[in-house]
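The sequence and the coordinates are shown first.

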Amino acid sequence: MKTRLGLFALIGGVLLFSPIVSNATIIYNTWTSNEPGNGNYIITVDKDVINHQFDINFTVNPWNAEGLGLFIDLGDFDITAPVGLTGITTSPAPGGLVSLFDTDTTSDSCGSGCNLNGLSPIIPAPDGEWELVFRLADQGYDGIQTFNFSINDFGLDESDWGLIGVRAQQLCSGDDLLPKVDGSRACGGSDKSQGTPDYDPDPDPDPDPVPVPGTLVLIGLGLVGLGWSRKRRSLA
């Protein structure tokens, strides 16, 4: 009997101290530009450990530019699995204007009218490559402030995210913002910026913790054991 009670206590202790899986947030909001000013880009990356993906949000707030291309360095890593581009939404919502342009490339091009020429970002060694290059919109004013999409995590963690390059169009100057209210609908500049990650110390002030699968199994064992113990007592 003491052995069984000890086993239940052990299960309870494991349940109490089992690890909880939660998301971590990477933030990019400090930029070096090839222009006197730059867009107010805020890029966040949340790792979804349940679905094995990174959820990416690219917004410009206050809205003074429109994203056109996104370059991502993931360190010394090669993209050998499908990128799994899903969950594409934009706000305002003209449609799925996010597409994978290239992988594992040293090129600073993201298609027609889209490049980092003049910025000349130095991608860190050892591979010196952009692992992922996305085209975010069509050339010309599309009126999109926010892009959301998800990609596979490739077995990587938040610490693998490095340099990001942004190509933007319709960059406004001074206090001008989009959309313009003078009838022109857009500003006339463009921007090429780069930034490195920071980490949100409290990505979710009230997170919904998700038990790991092993913890769920232990919870089941604990409930079975509790029911068995009560049945033994009622028969005693």
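In this predicted model, the largest nonpolar core holds 48 residues, and Leu70, Phe134 and Trp161 are the members that touch the most others. Two or more residues of this core come from each of the strands β2 (25-28), β4, β5, β6, β9, β10 and β11 (164-171). In soluble globular proteins, nonpolar side chains tend to be buried together.

The surroundings of Leu70 can be listed in detail. Beyond its neighbours within four places in sequence, Leu70 is in contact with Ile43 and Phe58, with Leu132, Val133, Phe134 and Leu136, with Phe149, and with Ile164, Gly165 and Val166.

A pair of aromatic rings is described by the distance of the centres and the angle of the planes. The structure holds eight aromatic pairs, and two of them are set out below.

| Pair | Centre to centre | Angle between planes | Class |
|---|---|---|---|
| Phe58 and Phe147 | 6.0 Å | 65° | edge-to-face |
| Phe71 and Trp130 | 5.5 Å | 55° | tilted |

Phe58 belongs to strand β5 (residues 53-60) and Phe147 to strand β10 (residues 146-152), so their pair ties together parts that are 89 residues apart in sequence. Both Phe58 and Phe147 are buried. The angle of 55° between the rings of Phe71 and Trp130 makes that pair tilted, since only planes over 60 degrees apart count as edge-to-face and those under 30 degrees as stacked. Phe71 is found in strand β6 (residues 66-72) and Trp130 in strand β9 (residues 130-135), and the pair links distant parts of the chain, 59 residues apart. Phe71 and Trp130 are buried as well. Phe58 and Phe147 also take part in one aromatic cluster, together with Tyr28, Trp31 and Tyr41.

Thr44 is located in strand β4 (residues 41-48). Its relative accessibility is 18%, so Thr44 counts as buried, the cut-off being under 20%. Apart from its neighbours within four places in sequence, Thr44 is in contact with Thr25, Ile26 and Ile27, and with Asp55, Ile56 and Asn57. Gln53 is placed in strand β5. With a relative accessible area of 17%, Gln53 is buried. Setting aside neighbours within four places, its contacts are Asp46, Lys47, Asp48, Thr86, Ser150, Ile151, Asn152 and Asp153.

For the chain as a whole, the secondary structure consists of two helices and 14 strands. Of the 236 residues, 38% are buried. The chain exposes about 12300 Å², of which carbon and sulfur atoms supply 54%.

The mean pLDDT is 82, and 73% of the residues reach 70 or more. In residues 5-22 the pLDDT is below 50, and this stretch has 21 contacts in the model beyond near neighbours in sequence. Residues 205-209 also have a pLDDT below 50, with two contacts in the model beyond near neighbours in sequence.

Key
Residues are numbered from 1 along each chain as its sequence is written. This is a predicted model: local features need pLDDT of at least 70, side-chain atom pairs count only at pLDDT 80 or more; totals for chains, interfaces and linings use all residues. Side-chain values use heavy atoms; hydrogens and water are left out. Rings of Phe, Tyr and Trp (its six-membered ring) pair if their centres lie within 6.5 Å; planes under 30 degrees apart count as stacked, over 60 as edge-to-face and the rest as tilted. Helices (H or I, at least four residues) and strands (E, at least two) are DSSP runs, numbered from the N terminus. Buried means under 20% relative accessible area, exposed over 50%, partly exposed in between (1.4 Å probe, protein chains only). Contact means heavy atoms within 4.5 Å. A nonpolar core is a set of buried Ala, Val, Leu, Ile, Met, Phe, Trp, Tyr and Cys residues joined through side-chain atoms within 4.5 Å. Accessible areas come from the Shrake-Rupley method with a 1.4 Å probe; for residues, only the protein chains shown count as cover. pLDDT is the predictor's confidence in each residue, from 0 to 100.
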